[in-house]
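Thanks for coming. I will go through one model this morning, starting with a term and then moving from the whole chain to single residues.

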Amino acid sequence: MARRREKRSSTPESLKRRKDGDESLSQEPDSDRRLITIFVIFFIVIPVISMVVYKVKFVDQVVIETDSSIRNKGIVKTDINFKEIITEHSKTLENSSIRHFDYPVLAYITPWNSKGYDIAKIYNSKFTHLSPVWYDLKSQGNGLVLEGRHNADKGWIQELRSKGNALILPRVVLEAIPGELLRKKKLREKAINLIVTECKEMEYDGIVLESWSRWAGYGVLHDPDMRKMALQFVKQLGETLHSTSSPRNNQQHMQFMYVVGPPHSENLQMYDFGPEDLQFLKDSVDGFSLMTYDFSNPQNPGPNSPLKWIDLTLKLLLGSSNNIDSNLARKVLLGINFYGNDFVISGDSGGGGAITGRDYLALLEKHKPTLHWDKESGEHLFMYRDDKNIKHAVFYPTLMSILLRLENARLWGIGISIWEIGQGLNYFFHLL
């Protein structure tokens, strides 16, 4: 199973709540029915129509903009055959420095999928930011400790910098007990000092911070005062990094990316990261890494990141794609998964979980399945039965599913963040 960051609360459960809510709303008075109709038009019908228009108008253009090595082979399509994937997936580019996606690209690399380290070197110029998953900031007695320097590979960083200009921003997960950290000024200052000092000593270009999902899990974001302190801490960290010169270039400041989960429903909850938070932090954060994946899980199997859900999420954060602040939008990085899921869909209970590209290829080799294109989600899937005759459904990215998301990001004027490149197939990077 592919290891990933801890998941946010299950979106399928929120989807079920929305469905249950729709059933109860159907019994409301006529005035409420009219409100529901307006809601449906603006939040469901219009996005669907927009996607249809997009598919009709832009698909041909997108294929033209991809690398010729895959365009000429005609493998970016919905009716892909498993043999084509097996044959073409490992191909690399003769010229890997050309970028096709001209918005920011943040790529995560994890120590437990070491292939990502090699991919980062080969396709360095495809990325603007690289984030090795190395650090955890934890509570220790009455203080704090930053763990993870033993993961850092200075030789790898030097090789990356000799090959391209991608900035190195290691990820820091804030695991410190939030109730203590956020309430105590000295602890907040200590946390910021630990992070900035590590960046200076290791000559990083900044960091990626993940804390919002942790704080939500602890319940601190349900308290308005604690929520304000949480935002103030993020803002203070960003301002401190921005006031610190980059160790490699005194003319530039350190950069700060912040990880946020997508809203859980159309009605934002206290613990959701919303548009007001985006506005509050926009000057102190260089990019918001949006976790638009893990839509499904073993209890609710299905697609990884449906297109309609992506558009609803972006609409909640940025408003209409026709009337948004382009400078702010560019800081939003649409999360794209390079992992997949192998779900058990028969029997008394669900099962299965995340798979890497290697796992996916092994399944293709063994079962020789027929791949099906799901128009609603914009993803490919296939079914198979294992040695115990248990039925499985496999959802894993393909060139077409990734391309649709890249073009969707381009239409919104936003960047992308990839979780994570060690789990993908080589020819995915031809699209970038």
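First, the term: buried means a relative accessible area under 20%, exposed means over 50%, and partly exposed is in between, with a 1.4 Å probe and protein chains only. At 41% relative accessibility, Glu203 counts as partly exposed.

Some ground rules. This is a predicted model, in which local features need pLDDT of at least 70 and side-chain atom pairs count only at pLDDT 80 or more, while totals for chains, interfaces and linings use all residues. Residues are numbered from 1 along each chain as its sequence is written, and side-chain values use heavy atoms, with hydrogens and water left out.

Now the chain. Helices (H or I, at least four residues) and strands (E, at least two) are DSSP runs, numbered from the N terminus. The chain has 15 helices and 17 strands. Of its 432 residues, 54% are buried. Contact means heavy atoms within 4.5 Å. Among contacts with a separation of 6 or more, 75% are between residues 24 or more positions apart.

Next, a helix pair. Axes are lines fitted to C-alpha atoms, for helices over the stretch in contact, and angles run from 0 to 180 degrees between N-to-C directions. Helix H8 (residues 185-202) and helix H10 (residues 224-242) have axes that come within 10 Å and cross at roughly 35°. The crossing of H8 and H10 is right-handed; the convention is left-handed if the near helix is turned anticlockwise from the far one by less than a right angle, and right-handed if clockwise. From H8, Arg188, Glu189, Ala191, Ile192, Ile195 and Val196 meet Phe233, Gln236, Leu237, Thr240 and Leu241 of H10. The residues of this contact of H8 with H10 divide into seven nonpolar, two polar and two charged. Here Ala, Val, Leu, Ile, Met, Phe, Trp, Tyr, Cys and Pro count as nonpolar, Asp, Glu, Lys and Arg as charged, and the others, Gly among them, as polar.

On to the backbone. Most residues other than glycine have a negative phi, and most peptide bonds are trans. Glu203, in the loop between H8 and strand E6 (206-210), has a positive phi near 60°. Asp294 also is not a glycine and has a positive phi of about 60°. Is Asp294 buried or exposed? Asp294 is buried, with a relative accessible area of 9%, and it lies in the loop between strand E10 (287-290) and helix H12 (307-318). The peptide bond from Trp419 to Glu420 is cis, with omega near -25°. Glu420 sits in the segment after strand E17 (415-419).

Thr110 lies in the loop between strand E1 (105-109) and helix H5 (115-122), and counts as buried because its relative accessibility is 0%. Thr110 and Trp419 are 309 residues apart in sequence and 9.2 Å apart in space, C-alpha to C-alpha.

Phe338 is another. Phe338 is in the loop between strand E11 (332-337) and strand E12 (340-344), and is buried at 1% relative accessibility.

That brings us to the aromatics. Rings of Phe, Tyr and Trp (its six-membered ring) pair if their centres lie within 6.5 Å; planes under 30 degrees apart count as stacked, over 60 as edge-to-face and the rest as tilted. By this rule there are 23 aromatic pairs. One of them, Tyr360 with Phe382, is tilted, at 6.0 Å centre to centre and 40° between the planes. The pair links distant parts of the chain, with Tyr360 in helix H14 (residues 357-367) and Phe382 in strand E15 (residues 379-385), 22 residues apart. Tyr360 is buried at 2% relative accessibility, and Phe382 is buried at 0%. Both belong to one aromatic cluster, whose members also include Phe338, Tyr123 and Tyr427.

Last, Met400 in helix H15 (residues 399-412). Met400 is buried at 8% relative accessibility. Leaving aside neighbours within four places in sequence, Met400 is in contact with Val76, Lys77, Thr78, Trp373 and His380.
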